[in-house]
Amino acid sequence: MRKAMLATALLAVTAVTAVATSSSGAARHTLPPWMLNHPPASVKRSPASANRPDPVLATFLARARLATAKYVTNLAAAKADGYGIITKMIPDMGYHFMNPRLTGFEPTKPPILVYEKHGSTWQLGAIEWVFTSKPKTPPLPGATYGAFGAGCHYKDGSYVPAQTQDSCPKTAPSSGAAFNFWHPNLITFHVWLWYPNPSGLYSGTNPLVQPFNGQ
């Protein structure tokens, strides 16, 4: 019996080792600016790590998950930390909450959290950064981007497209909510950290959140 258990354990270790050392086809990437001053030791490449998943991306995701775990099903915690609603439900994406105090590309401090809503329950799906122009250096390996048109945001999450702030209605036409801020055309960068996305880690939209579109 003990021999059988030992054989089973050895097979399991062999299988895990095979998966961990399989080729991922990952290319060598330059460290993004936010990591240049203090790159983690795990990011340093060696010939033996050439076939492993990109360490820059792996380190980013690990740090981001640890930092945002407290918000995953606790929107109140996010609000307490300074995140306020800036959009209502955008189809196949979610409700956006922004912390205006957070700047720069730091994995532990995403300025925007994207939530899905079901009844009274909120689930964090993605984290997001925005840029006024496409970054010359990709923020993460394989980065892809979306776009968000210039417009006016209101305190209840209402959004009205507008090319200038002077064009913004004083209050939200549909709700009367107070004006919050205006922004120009933006480049968006989503990372689907807490919800699987068959369209890709960086895709702006996610077909798996379609059931939440009516919430």
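From the N terminus on, the elements of the protein chain run α-α-α-β-β-β-β-β-β-β-β-β. That gives 3 helices and 9 strands. Both are DSSP runs, numbered from the N terminus: helices are H or I with at least four residues, strands are E with at least two. The model is predicted, so local features need pLDDT of at least 70 and side-chain atom pairs pLDDT 80 or more, while totals for chains, interfaces and linings use all residues. Residues are numbered from 1 along each chain as its sequence is written, and side-chain values use heavy atoms, without hydrogens and water.

Now look at the rings. The whole structure holds 14 aromatic pairs. Rings of Phe, Tyr and Trp (its six-membered ring) pair if their centres lie within 6.5 Å; planes under 30 degrees apart are stacked, over 60 edge-to-face, and the rest tilted. Tyr95 and Trp122 pair edge-to-face, at 5.0 Å centre to centre and 75° between the planes. Tyr95 lies in strand S2 (residues 94–98) and Trp122 in strand S4 (residues 121–131), so the pair ties together parts 27 residues apart in sequence.

Phe105 and Phe189 form another pair. Their ring centres are 6.0 Å apart with planes at 50°, so this pair is tilted. Phe105 sits in the loop between S2 and strand S3 (112–118), and Phe189 in strand S9 (residues 186–191), 84 residues apart.
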